[in-house]
Amino acid sequence: MKIEAYDIEGFETFLVAEAEAQELTDVEYLHQYCVCHGIDTDDITSARSEKVRKERYLTRMLLTEMVGCKQARLTHEPSGKPMLDGSDLSISISHSWPFVAIIISPGNDNIGIDIETQAERAHRVRSRFLNQSENAIIAEGDSATCLMAWTAKEAIYKAAGVELLSLADDIALNIAGNVAKPGIWNKYIGKADGRQFDVRTMLHISRRYAITATKEIKQQ
């Protein structure tokens, strides 16, 4: 798998893995690879969707690279938020096949990450994640900015850790006068649940994905 590392000031390094080699698109190959390398595969084989199984195998492989432990075990809170069993590290995971992104932070930082590849779909369903003022700012047909905004809202949702927040109505992004530029890291402030979040988002031009990392801004 191809791994890309991102270092942004104020954030822990986060990684994106791509199932670039042909064999990594084969779910049976991924399963055998994980088994042969002693990588934890609990909860993977029970998934009905082959795409979900492939994403989970790739996630375990990338997680092993990050924490250096093949037995690193993922569990989940009732809300679905991932946790590293027996660790106080905070973790957030996102997948949009053939990509998987993981960010890990020490302590109890509220962090979130999201990666998406479907720019046309993001533009089509923009009313689901943009409020009226945000929607008015983004130009009609600007699928790239829509995709970045979608990942930003999803990442904030994960960092907020509050179930049933509406991406459009309960999460705000200060994009006025600061429309995202492809190929560079764009900085925003997000708001949700009465809290503020440091948001960094980028459209990777050659890989054609948008990715956002965010963390809660702790009040002094």
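1. Contact, as used in this note, means heavy atoms within 4.5 Å. The structure under discussion is a predicted model. Leaving aside neighbours within four places in sequence, I156 is in contact with I171, L173, G190, A192, F197, V199 and T214.

2. I156 also figures in the largest nonpolar core, which has 27 residues. The members that touch the most others are F129, L147, I156, L173, A192, F197 and V199. Two or more residues of this core come from each of helix 3 (119–124), helix 5 (143–160), strand 8 (171–173), strand 9 (186–192) and strand 10. Helix 5 gives the most, with nine residues. Another core, of 23 residues, lies apart from it and has L63, L84, V100 and I102 among its members.

3. R195 belongs to strand 10, which covers residues 195–204. This arginine counts as buried because its relative accessibility is 17%, and the cut-off for burial is under 20%. The side chain of R195 forms a polar contact of 3.1 Å with that of E216. Beyond its neighbours within four places in sequence, R195 is in contact with N110, A159, A160, V162, G190 and E216.

4. Helix 1 (residues 27–36) packs against helix 2 (residues 50–67) at an angle of about 30°, and the axes are 9 Å apart. The crossing is left-handed. Helix 1 contributes V27, L30, H31, Y33 and C34 to the contact, while helix 2 contributes E50, R53, K54, Y57 and M61. By class, six of these residues are nonpolar, one is polar and three are charged.

Conventions: Residues are numbered from 1 along each chain as its sequence is written. This is a predicted model: local features need pLDDT of at least 70, side-chain atom pairs count only at pLDDT 80 or more; totals for chains, interfaces and linings use all residues. Side-chain values use heavy atoms; hydrogens and water are left out. Helices (H or I, at least four residues) and strands (E, at least two) are DSSP runs, numbered from the N terminus. Buried means under 20% relative accessible area, exposed over 50%, partly exposed in between (1.4 Å probe, protein chains only). A polar contact is a pair of N or O atoms within 3.5 Å; within protein, one must be able to donate a hydrogen and the other to accept it, and residues adjacent in sequence count only if both atoms are side-chain atoms. Axes are lines fitted to C-alpha atoms, for helices over the stretch in contact, and angles run from 0 to 180 degrees between N-to-C directions. A crossing is left-handed if the near helix is turned anticlockwise from the far one by less than a right angle, and right-handed if clockwise. Ala, Val, Leu, Ile, Met, Phe, Trp, Tyr, Cys and Pro count as nonpolar, Asp, Glu, Lys and Arg as charged, and the others, Gly among them, as polar. A nonpolar core is a set of buried Ala, Val, Leu, Ile, Met, Phe, Trp, Tyr and Cys residues joined through side-chain atoms within 4.5 Å.
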